[in-house]
Amino acid sequence: MNDVIQQEKELCFHDFNHEKAFLFGMAVLDIVKKENLKNVRIRVTYNNDIIFQYLMNGKTSETWLDRKEKGSII
């Protein structure tokens, strides 16, 4: 449990805005591509607005993203 608490401290945004949301989405995409991971769907929202969204080749449905977003809103 201490590991999770430490990770949360390290990965927590102290402030967040549209530019940071975009940069975060691009960073995720860059990691997926560089590490040759399977294709993903990425959505970053801020104040209920979609700031960044990208569906890699072969990912065509936004329904999965909608469900994930509803289940992860803090």
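**Surface, core and side-chain pairs**

Val4 has a relative accessible area of 47%, so it counts as partly exposed (buried is under 20%, exposed over 50%, partly exposed in between, with a 1.4 Å probe and protein chains only). The model is predicted: local features need pLDDT of at least 70 and side-chain atom pairs pLDDT 80 or more, while totals for chains, interfaces and linings use all residues. Residues are numbered from 1 along each chain as its sequence is written, and side-chain values use heavy atoms, leaving out hydrogens and water.

**Surface patch**

- Val4 lies in helix H1 (helices are DSSP runs of H or I with at least four residues, strands are runs of E with at least two, numbered from the N terminus).
- Together with Met1 and Ile5, Val4 makes a nonpolar surface patch of about 330 Å² (patch residues have over 30% relative accessible area and no salt bridge; nonpolar side chains are joined within 5 Å, like charges within 9 Å; areas come from the Shrake-Rupley method with a 1.4 Å probe).

**Nonpolar core**

- Ala21, Leu29, Val32, Ile42, Val44, Phe52 and Met56 are the seven residues of the largest nonpolar core (buried Ala, Val, Leu, Ile, Met, Phe, Trp, Tyr and Cys residues joined through side-chain atoms within 4.5 Å).
- Helix H2 (18-34) and strand S1 (41-46) are the elements that give two or more residues to this core, and H2 gives the most, with three.
- Leaving aside residues up to four places away in sequence, Val44 touches Phe16, Ala21, Phe24, Gly25, Asp49, Ile50, Ile51 and Phe52 (contact means heavy atoms within 4.5 Å).

**Aromatic rings**

- The count is four aromatic pairs (ring centres of Phe, Tyr and Trp, the last by its six-membered ring, within 6.5 Å; planes under 30 degrees apart are stacked, over 60 edge-to-face, the rest tilted).
- Phe13 and Phe24 pair edge-to-face, at 5.7 Å centre to centre and 85 degrees between the planes.
- Phe13 sits in the loop between helix H1 (2-11) and H2, and Phe24 in helix H2, eleven residues apart.
- Phe13, at 43% relative accessibility, is partly exposed.
- Phe13, Phe16, Phe24 and Tyr46 form one aromatic cluster.

**Salt bridges**

- The whole structure has two salt bridges (a side-chain nitrogen of Lys or Arg within 4 Å of a carboxyl oxygen of Asp or Glu).
- Lys20 bridges to Asp15, with the closest N and O atoms 2.8 Å apart.
- Asp30 and Lys34 form a salt bridge at 3.2 Å, N to O; both lie in helix H2, four residues apart, about one turn of the helix.
- Asp30 is partly exposed at 36% relative accessibility, whereas Lys34 is exposed at 64%.
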